[in-house]
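Hello,

Here is the structure I promised to pass on to you. Have a look at it first, and then read on for what turned up in it.

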Amino acid sequence: MIAIVHSELLRLRRRSLLAAWFGLTASFAIMINFVMFSTAGKGASLPPGAPGVAFPNAAVLAGPDGLVAGLAAASSMFGVVTLSLWAVAAATDYSSGLIRLLVSAQPHRWRLLIGKVVALTAVTAVATTVAMAVCLLVAAPAAGAAGISTAAWGTHPVSTIASAWLNAFAAQLAWGVLGLVIAVLSRSSTVAIAVGVGYVLVVESVVKMAIGGSADWLLGSTLNAVASGGTATLAYGSALGLALVYVAAGLVLASAVVTRRDITD
Amino acid sequence: MANVVTTTGLTRRFGAITAVDRLSIEVPAAGVIGLVGPNGSGKSTLIRMLLGLIRPTSGTATVLGLPITSPAKYAARVGALVESPAFVSGLSARANLVSLARLRRLPLGRVDEVLSIVGLTGRDKEPVGNFSLGMKQRLGIAAALLPDPELLILDEPTNGLDPAGIVEIRGLLRSLGETGRTVIVASHLLAEVQLACDYLVVVRFGELVFAGPMTEMLARSRPHVDLRAEHARDTEKLHAALMAGGWEVDLADDVLRVAATASRSADLNRAATAAGITLSELVVVQESLEDIFLTMTGRTDGELAAARATTPEEAAR
């Protein structure tokens, strides 16, 4: 299995792929921090149900968690990036025909799938670290520009950063698995990204508006709750459990499709 | 030595289309084996089934004596290039091969060996996206050679190669076949197959048409001599004279095609002279593998499609 993961990691070491992944992550982290602090500094707030982002108020940002609030606030944006890149990594094997070479060399297809998931998980950990590093770099200047106090940020910084990283990483993994599943089903990164992003930005928002507060179990809301360490309507433990169910179901589905489907690409 | 590939009633259907139809073949070990057939004859489907990429609808098959239901048991002993070579275009040739070598748990020194075999040493650090089709083809062969396979399966290995590259690959195939490996080559280039292969498997509509040594296939050729009279008005007269002499003659335009070997050329010339006709052309023609193949399988794709179609609508399509 180590050999399969190593092989997959070598294929993921594409400059364009990693530049897109880490570049978009860093850009979203910078943008969201400045917009979030600026919005809170003006006492404004996003309209309820705004797709993809959830901003805390100035009081929360001035608290110990304010330092890393951008990571949770941009969870869905990071999620879209992760979903897209996992989808590209999975679908390209099919669209390029590389899957023929891979399966000829390693006919245990489920091992290839697990190897890909482990390798993408490793890159996702790096991307989450990039996001965290950028948040840590830009949070203070963004807060200063918005007139929000950072005096409380020094309280328990290590545990605050560690839990924020873990929560963000867990949410990104679930987004990635979603991208992988759609890509495996569609064998097209374009379709996978369109479906994933369309779901986050349109479908889930519409469903939430239609059924209101009882929609916390939806994927996007669940993963936002995971990234935020829980919300007022969905406790962290419940969100994590639900996310695990989503991930397990996705992996079972992807595994069934990968192992059974004829490779005609 | 046992057969490298054995299939018994192997069948694969895709909906209403039967790509491989109760195919039973035995491919002997060692040497270069040509797998030929018109477009859509089931060659690629057969190769994919042998590699475990798709499952048969019915029938059984073995590769290196092991059932194709367990491709993992023989994957380390088989190398393959299936249809067009596929690589990660943003990575170098070397990085692509290293990733495949890792996947197969092979020593990285093998990457240098196969790069050298296919003549890509020195170009190995360039991104595959910058490669020509011919270079990608070489890289695909290199990837197939990575496990130092007992059985090498190459689907159209000379696609995109220039004439010099084709000659080079032909030499490579011959040398691989001479080292105790078995190389199965699916190709449309019948002249190449004739020069490179020792054994031939011909399929059409997913069914076996011929399987046997190349010499046996070539023995089916019908040598003939083409004659042309100096004056077109004499063609009929010459035709009649030859028929009267007991020759088997076909008339096409102004050319008389006589079933005869090269050793009878002088007899034909004398027969024409005796009839008072001067020949402007006397050409000895030896049928090639391509001629024999076309006789066996049909002349063109359109002819084949029409022959295969079950309804007039299908034939029209």
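Two residues are taken to be in contact if their C-beta atoms, placed from the backbone, lie within 7 Å. This is a predicted model, in which local features need pLDDT of at least 70 and side-chain atom pairs count only at pLDDT 80 or more, while totals for chains, interfaces and linings use all residues. Residues are numbered from 1 along each chain as its sequence is written, and chains are lettered from A and ligands numbered from 1 in the order in which they are written.

Let me start where the chains meet. On the contact rule, 24 residues of chain A touch 27 residues of chain B. The most comes from α6(A), with seven residues. Helices (H or I, at least four residues) and strands (E, at least two) are DSSP runs, numbered from the N terminus. By type, that side of chain A holds ten nonpolar, nine polar and five charged residues. Here Ala, Val, Leu, Ile, Met, Phe, Trp, Tyr, Cys and Pro count as nonpolar, Asp, Glu, Lys and Arg as charged, and the others, Gly among them, as polar.

Now to chain A itself. It has eleven helices and zero strands. Its radius of gyration is 19 Å, close to the 18 Å that the globule rule gives for 265 residues, so chain A is as compact as a globular protein of that length. (The radius is taken over C-alpha atoms, and the rule is 2.2 Å times the number of residues to the power 0.38.) Of the 265 residues in chain A, 48% are buried. A residue is buried if 20 or more other C-beta atoms lie within 10 Å of its own, exposed if 12 or fewer, and partly exposed in between, with C-beta atoms placed from the backbone.

Helix α5 of chain A (residues 75-95) is worth a look. Its 21 residues reach 29 Å from first C-alpha to last, close to the 30 Å expected at 1.5 Å a residue; the expected span is 1.5 Å times one less than the number of residues. This helix is mostly covered, with 20 of its 21 residues buried. Just after α5(A), A:Gly97 takes a positive phi of about 90°.

Next, the interior. A nonpolar core is a set of buried Ala, Val, Leu, Ile, Met, Phe, Trp, Tyr and Cys residues joined through C-beta atoms within 7 Å. In the largest one, of 168 residues, A:Ala87 and B:Val185 touch the most other members. Beyond four places in sequence, the contacts of A:Ala87 include A:Leu180, A:Ile182 and A:Ile193.

Chain B has twelve helices and 14 strands, and 43% of its 317 residues count as buried. Its domain assignment (automatic or from a database) gives domain 1 (3-218) and domain 2 (224-285). The C-alpha centres of these two domains of chain B lie 46 Å apart.

Finally, two backbone details. Most residues other than glycine have a negative phi. B:Arg22, in strand β2 (residues 17-28) of chain B, has a positive phi of about 45° and is partly exposed, with 15 C-beta neighbours inside 10 Å. B:Glu156 has a positive phi near 50°. This glutamate, B:Glu156, sits in the loop between β7 (151-155) and α5 (163-178) of chain B and is buried, with 20 other C-beta atoms within 10 Å.

Best wishes
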